Amino acid sequence: MKTNYFTKIENKYVFNLSLIFWHLFIALSIIAIAVSLLIFLWSVIPPSERKVKKQPYPEKQQYPAPVAVTLNELITEDENQTEVPPIVEESHQTDTEQLTEQVNENLEGKETYDASIKTLETLIPPSKYSWSGSGYWTYPYGERYWTYYKEERFRHWNTTEASVEEKLGKAYNVSKASTYNEKQRLLESYIGVLKALPEEYRLTGLNHMLNNCSSNFTQNVNVCQSMS
């Protein structure tokens with residue numbers, strides 16, 4: 001009796017519900033497969049070309065007109081920007097001090113002395129053998145003062161090798177040859193020695209005699225005459 005009752009319920013409700021469920025499941029599966037195929041086909045088909053409307057170029061902004069500048073204005077502006085170093089005050093001596101230091105030079109015998117200098121230049125040509133010596137410049141107030149003003153008080157020459165004229169002057173002072181006649185007599189004694197030497201040894205010989213003179217004028221002249 002109970003078995004027949006359950007069989008009726010099963011046939012009437014359970015099988016109908018399961019039949020509806022499976023029909024819905026199959027229908028939804030078919031729909032999902034169809035939609036998937038459509039999406040796949042849509043992704044494979046290339047898209048159609050779209051026409052894009054090109055925007056016009058923006059208008060170029062007008063620049064202001066260039067300002068004309070002349071060459072003279074540029075030069076004037078550059079000169080105004082150049083820093084001018086302040087002038088260094090130079091100590092000036094009074095007229096009385098200058099008059100005191102001035103000594104009346106005795107020019108007697110100068111022409112004869114100049115002729116002896118010409119003879120020395122013939123024996124030792126300055127064009128072949130340097131008479132100028134050597135040294136270097138220093139700038140007590142900085143090089144920019146000399147660069148700007150070009151005045152000799154803004155630079156100083158430092159001697160490392162005295163020139164021939166400086167060595168002669170030192171020899172005259174040591175020998176106490178104060179007049180042109182005495183200087184010419186001492187110079188002629190040097191020339192007498194140099195004439196006996198080959199030309200390439202004359203400058204060396206002159207430097208040796210000038211660097212080794214004594215304070216006795218007569219002794220220096222006699223030694224050179226003995227050597228010659």
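Me: Is lysine 150 buried or exposed?

Reply: This is a predicted model, so every value here is computed from it. Exposure is read from relative accessible area, and over 50% counts as exposed. Lysine 150 has 52% relative accessibility, so it is exposed.

Me: Where does lysine 150 lie?

Reply: Lysine 150 is in the loop between α5 (143–149) and β2 (156–161).

Me: What is the phi of lysine 150?

Reply: Phi is near 55°. That is a positive value, and lysine 150 is not a glycine.

Me: Which lysine has a positive phi just after α6?

Reply: Lysine 176, with a phi of about 60°. Lysine 176 sits in the loop between α6 (164–175) and α7 (180–195). Its relative accessibility is 56%, so it counts as exposed.

Me: Now α6 itself. How do I check the length of the helix, and what span is expected for α6?

Reply: Take 1.5 Å a residue and compare the result with the distance between the end C-alpha atoms. α6 has twelve residues, and 16 Å is expected. From first C-alpha to last, the helix reaches 16 Å.

Me: Which residues of α6 are buried?

Reply: Look for relative accessible area under 20%. In α6 the buried residues are Val164, Lys167, Leu168, Ala171, Tyr172 and Ser175. They cover an arc of only 140° around the axis, so they are on the same side of α6.

Me: Which residues are exposed on the other side of α6?

Reply: Lys170 and Asn173 are exposed there.

Me: What covers the buried residues of α6?

Reply: The cover includes α4, β2, α7, α8 and α9.

Me: On to α7. How many residues does α7 have, and what should they span?

Reply: α7 has 16 residues, which should span 22 Å at 1.5 Å a residue. The end C-alpha atoms are 22 Å apart, so the two values agree.

Me: Which residues of α7 are buried?

Reply: They are Tyr180, Gln184, Leu186, Leu187, Ser189, Tyr190, Ile191, Val193 and Leu194. Their cover includes α4 (110–123), α6, α8 (199–211) and α9 (217–227).

Me: Take serine 189 from that list. What is serine 189 in contact with?

Reply: Serine 189 contacts Val221 and Cys224, leaving aside neighbours within four places in sequence. Serine 189 lies in helix α7. At 5% relative accessibility, serine 189 counts as buried.

Me: Which residue does glutamate 199 form a salt bridge with?

Reply: Lysine 128. The closest N and O atoms are 2.6 Å apart. Glutamate 199 is in helix α8 and lysine 128 is in the loop between α4 and β1 (134–138), so the pair ties together parts 71 residues apart in sequence. Glutamate 199 is partly exposed, at 25% relative accessibility. Lysine 128 is exposed, at 54%.

Me: What about arginine 153: which residue is its salt-bridge partner?

Reply: Glutamate 151, with 2.7 Å between the closest N and O atoms. Arginine 153 has a relative accessible area of 26%, so it is partly exposed. Glutamate 151 is partly exposed too, at 31%.

Me: And which residue does glutamate 152 form a salt bridge with?

Reply: Arginine 155, the closest N and O atoms being 3.1 Å apart. Glutamate 152 has 48% relative accessibility and counts as partly exposed.

Me: Last, the surface. Which residues form a nonpolar patch?

Reply: Look for nonpolar side chains grouped on the surface. Phe21, Trp22, Phe25, Ile26 and Ile30 form such a patch. Together they have about 560 Å² of accessible area. Phenylalanine 21 lies in helix α1 (residues 2–44).

How values were computed
Residues are numbered from 1 along each chain as its sequence is written. This is a predicted model: local features need pLDDT of at least 70, side-chain atom pairs count only at pLDDT 80 or more; totals for chains, interfaces and linings use all residues. Side-chain values use heavy atoms; hydrogens and water are left out. Helices (H or I, at least four residues) and strands (E, at least two) are DSSP runs, numbered from the N terminus. Buried means under 20% relative accessible area, exposed over 50%, partly exposed in between (1.4 Å probe, protein chains only). Contact means heavy atoms within 4.5 Å. The expected span of a helix is 1.5 Å times one less than its number of residues. Patches are made of residues with over 30% relative accessible area and no salt bridge: like charges are joined within 9 Å, nonpolar side chains (Val, Leu, Ile, Met, Phe, Trp, Tyr) within 5 Å. Accessible areas come from the Shrake-Rupley method with a 1.4 Å probe; for residues, only the protein chains shown count as cover. A salt bridge is a side-chain nitrogen of Lys or Arg within 4 Å of a carboxyl oxygen of Asp or Glu. The arc is that of the directions from the helix axis to the C-beta atoms.
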